[in-house]
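Please look at the sequence and the model with me as I go through a few selected places.

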Amino acid sequence: MLTRNCLSLLLWVLFDGGLLTPLHPQPQQTLEAEPRENVVPVPGRRSSAQRVKRGWVWNQFFVLEEYMGSEPQYVGKLHSDLDKGVGTVKYTLSGDGAGTVFTIDETTGDIHAIRSLDREEKPFYTLRAQAVDVDTKKPLEPESEFIIKVQDINDNEPKFLDGPYVASVPEMSPVGAYVLQVKATDADDPTYGNSARVVYSILQGQPYFSIDPKTGVIRTALPNMDREVKEQYQVLIQAKDMGGQLGGLAGTTTVNITLTDVNDNPPRFPKSIFHLKVPESSHVGSAIGRIRAVDPDFGKNAEIEYNIVPGDGGNLFDITTDENTQEGVIKLKKPLDFETKKAYTFKVEASNLHLDHRFHSVGPFKDTATVKINVLDMDEPPVFSKPVYTMEVYEDTPVGTIIGAVTAQDLDAGSSSVR
């Protein structure tokens with residue numbers, strides 16, 4: 001029986017590897033197991049032996065899944081070489097699905113599947129067969145084990161179990177920059193045919209992105225993609241089995257891709273000159289005006305530092321950055337006096353704090369603008385010509401005698417008389 005069992009295993013391996021797999025039932029084709037001669041000692045005779053020849057025959061080890069025929073699906077035939085075709089042998093079947101999934105004709109040994117099978121639910125069945133004498137009910141053969149494998153058909157489409165996907169890639173990335181890898185799974189048999197061989201393609205999202213048809217890796221396909229022009233992309237990916245051939249089943253998923261910001265834009269003043277009007281009575285340290293440079297970048301890439309360019313006119317003022325609005329806040333360092341100086345002009349420079357060396361060739365990441373400040377006159381009190389006056393008068397001077405004079409002047413523009 002060792003030879004027969006080894007042969008049945010060999011046949012299973014060959015069939016499973018696709019070398020001898022019958023695509024359709026072939027009832028007329030039989031593959032006989034090589035018989036083995038068992039030597040059984042006979043009592044009282046030391047030199048004689050009785051030779052018994054035994055063996056099984058199979059002609060089918062596969063059953064097609066999702067079979068929809070009107071008749072039970074033929075699987076194969078069991079046959080003992082002790083069966084002479086006179087109805088003295090009875091075949092029995094036990095194991096996985098015996099009686100519920102598979103039936104056997106007790107007389108002929110023909111096996112049929114009596115219901116439709118799903119390979120993805122159960123890929124194979126292990127059964128045992130035996131031949132017994134009809135009259136004595138005794139086994140004619142030792143019980144033999146064999147396997148019926150459910151042969152796959154393409155009845156499952158690829159599925160993206162992790163979709164929809166979310167990904168990001170820096171703007172201005174070079175062509176071929178890695179974005180994301182998607183993966184579709186196909187429940188069909190990957191070892192048989194092309195039912196589970198998946199090919200990826202882009203249905204929506206070109207020409208911005210590309211996908212490797214075998215690996216599902218998504219990469220950028222255009223250079224200089226600018227976040228400030230378009231930030232969000234929705235890419236539709238298809239996975240098709242049968243190697244992408246006509247008739248294959250397909251599944252789709254979406255990939256939402258965001259371009260992340262890089263510092264590829266310098267700050268720019270929207271105008272070259274800013275005019276401010278400041279009362280001369282403004283206190284030292286107070287904010288007297290705001291200017292703003294515009295940077296279309298985002299986050300830290302849009303952070304701006306303001307500085308007053310050294311030169312005439314700017315020594316009375318200081319400028320700081322409002323972290324919330326990125327505006328330049330101009331503050332007063334010294335008192336203003338309209339009567340001394342009515343206007344000031346100076347330059348302000350705006351520059352990025354965080355630079356990206358890749359974009360230095362674009363030009364300097366800074367800009368300048370001119371600030372003109374007009375001092376507004378305020379109604380100030382008259383000013384005496386000197387802080388202290390000293391006068392002498394004799395005693396007994398008559399009332400109404402002039403003993404001296406004080407003088408005061410209104411320094412405001414369009415000064416009025418002083419009383």
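Let me begin with a question: does Glu121 count as buried or exposed? Please keep in mind that we are looking at a predicted model. Glu121 counts as exposed, because its relative accessibility is 64% and the term applies over 50%. This residue belongs to the loop that runs between β10 (110-113) and β11 (124-133). If we take the distance from C-alpha to C-alpha, Glu121 is 10.0 Å from Val150, and the two are 29 residues apart in sequence. For Lys122, I would point to the ring of Tyr125: Lys122 lies over its face, at 5.2 Å from the ring centre.

I turn now to a sheet. In general, the strands of a sheet pair through backbone hydrogen bonds, and they may do so in a parallel or an antiparallel way. Here, three strands make up an open sheet, in the order β21-β24-β23, and their pairing is antiparallel. At the edges we find β21 (287-292) and β23 (317-321), each of which pairs on one side only. On average, neighbouring strands of this sheet are turned by 25° against each other, if direction is ignored. Between β21 and β24 (residues 327-332) there are five bridges. As an example, Gly289 has Ile330 in β24 as its bridge partner.

Next, the aromatic rings. Over the whole structure, a search finds eight aromatic pairs. One of them joins Phe317 and Tyr344: the ring centres are 5.5 Å apart and the planes stand at 75°, so this pair is edge-to-face. Phe317 is in strand β23 and Tyr344 is in strand β25 (residues 343-352), so the pair ties together parts that are 27 residues apart in sequence. Phe317 is buried, with a relative accessible area of 2%. Tyr344 is buried as well, at 7%.

How are the rings of Phe317 and Phe346 arranged? Their centres are 5.2 Å apart and their planes are at 25°, so the pair is stacked. Since Phe346 lies in strand β25 and Phe317 in strand β23, this pair ties together parts 29 residues apart in sequence. Both Phe317 and Phe346 are buried.

Two further places deserve mention. Tyr208, Phe209 and Tyr233 are linked by ring pairs into a cluster. Finally, the charged end of Lys342 is placed over the ring of Phe338, 4.9 Å from the centre of that ring.

Thank you for your attention.

Key
Residues are numbered from 1 along each chain as its sequence is written. This is a predicted model: local features need pLDDT of at least 70, side-chain atom pairs count only at pLDDT 80 or more; totals for chains, interfaces and linings use all residues. Side-chain values use heavy atoms; hydrogens and water are left out. Two strands pair if DSSP finds at least two bridges between them. Helices (H or I, at least four residues) and strands (E, at least two) are DSSP runs, numbered from the N terminus. Axes are lines fitted to C-alpha atoms, for helices over the stretch in contact, and angles run from 0 to 180 degrees between N-to-C directions. Buried means under 20% relative accessible area, exposed over 50%, partly exposed in between (1.4 Å probe, protein chains only). Rings of Phe, Tyr and Trp (its six-membered ring) pair if their centres lie within 6.5 Å; planes under 30 degrees apart count as stacked, over 60 as edge-to-face and the rest as tilted. A charge sits over a ring if NZ of Lys or CZ of Arg is within 6 Å of the ring centre and within 35 degrees of the ring normal.
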